[in-house]
Amino acid sequence: MEKHKVYLIKKSSFTAAHSHEGMLNEAQHTHTFHYEIKLCGFTNNEGFLTDFRIVEEDMNTLINKELKDKNLNIFLKDPTTEKLAVWIFRRLKDSYGKMLHCVTVYETPQSAVIYEGEDE
Ligand SMILES: Nc1nc2c(c(=O)[nH]1)N=C([C@H](O)[C@H](O)COP(=O)(O)OP(=O)(O)OP(=O)(O)O)CN2
Ligand SMILES: [Zn+2]
């Protein structure tokens, strides 16, 4: 059975609030954060990397249920999109290990951050 190196992408979103001190300096406001996770690995004997539905369930359980309608300042000091990308990556790392390639978080359709981990 041929195995192929593939990248699998799954997207999701949640709405949450945050405020910024320092240079960004903004009172509390809400965004709908869209994010995607990218997995990398080799296809199995049945020709897939992992079931999209399992990834969706993990994103719902580990990320969306935790952050939906929350104030991100409770979870993160300085809850920038950069820090949110790191937070999401770390939450998923336990489940996906080396298969987790990167996490991309969109604060707006025009503004996003990609985090690929740092030998974590
Ligand atoms: N590097 C970062 N820059 C900014 C962040 C951040 O997390 N990382 N965050 C913000 C604020 O959250 C701000 O609320 C974003 O404002 P918004 O109006 O959504 O952004 P834009 O006006 O730039 O919207 P576009 O539609 O993308 O033009 C600010 N900066
Ligand atoms: Zn904001």
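1. N25 lies in the loop between strand 1 and strand 2, where strands (E, at least two residues) and helices (H or I, at least four) are DSSP runs numbered from the N terminus. The phi of N25 is near 40°, a positive value in a residue other than glycine. Most residues other than glycine have a negative phi. N25 is exposed, with 8 other C-beta atoms within 10 Å; a residue is exposed if 12 or fewer other C-beta atoms, placed from the backbone, lie within 10 Å of its own, buried if 20 or more do, and partly exposed in between.

2. This is a predicted model, in which local features need pLDDT of at least 70 and side-chain atom pairs count only at pLDDT 80 or more, while totals for chains, interfaces and linings use all residues. Residues are numbered from 1 along each chain as its sequence is written, and chains are lettered from A and ligands numbered from 1 in the order in which they are written.

3. D69 is found in the loop between helix 1 and helix 2 and counts as exposed, with 9 C-beta neighbours inside 10 Å.

4. The protein has two helices and four strands, in the order β-β-α-α-β-β from the N terminus. Its C-alpha trace spans about 55 × 25 × 25 Å along the principal axes.

5. The four strands form an open antiparallel sheet in the order 1-2-3-4, two strands being paired if DSSP finds at least two bridges between them. Strand 1 and strand 4 (111-115) are the edge strands, each pairing on one side only. From one strand to the next, the twist averages 20°.

6. Strand 1 (residues 5-20) pairs with strand 2 over 15 bridges in the antiparallel sense, and F14 stands opposite F33 in strand 2. The two strands form a hairpin with five residues between them, and G22 in the turn has a positive phi of about 65°. Strand 2 and strand 3 are joined by six bridges and run antiparallel; here K38 stands opposite C102 in strand 3.

7. Helix 1 (residues 52-67) packs on the sheet, touching strand 1 and strand 2, and its direction makes about 15° with that of strand 1. Helix 2 lies across strand 2, strand 3 and strand 4, at about 145° to strand 3. Axes are lines fitted to C-alpha atoms, for helices over the stretch in contact, and angles run from 0 to 180 degrees between N-to-C directions. Contact requires C-beta atoms, placed from the backbone, within 7 Å.

8. Beyond its neighbours within four places in sequence, A85 is in contact with V103, V105, V113, I114 and Y115.

9. Around ligand 1 are L24, E26, H29, T80, T81, E82, E107, T108, Q110 and S111, each with its C-beta atom, placed from the backbone, within 6 Å of the ligand. Strand 2 (26-42), helix 2 (81-96) and strand 3 (100-108) are the elements that give two or more residues to this shell.

Note on methods. Contact = placed C-beta atoms within 7 Å.
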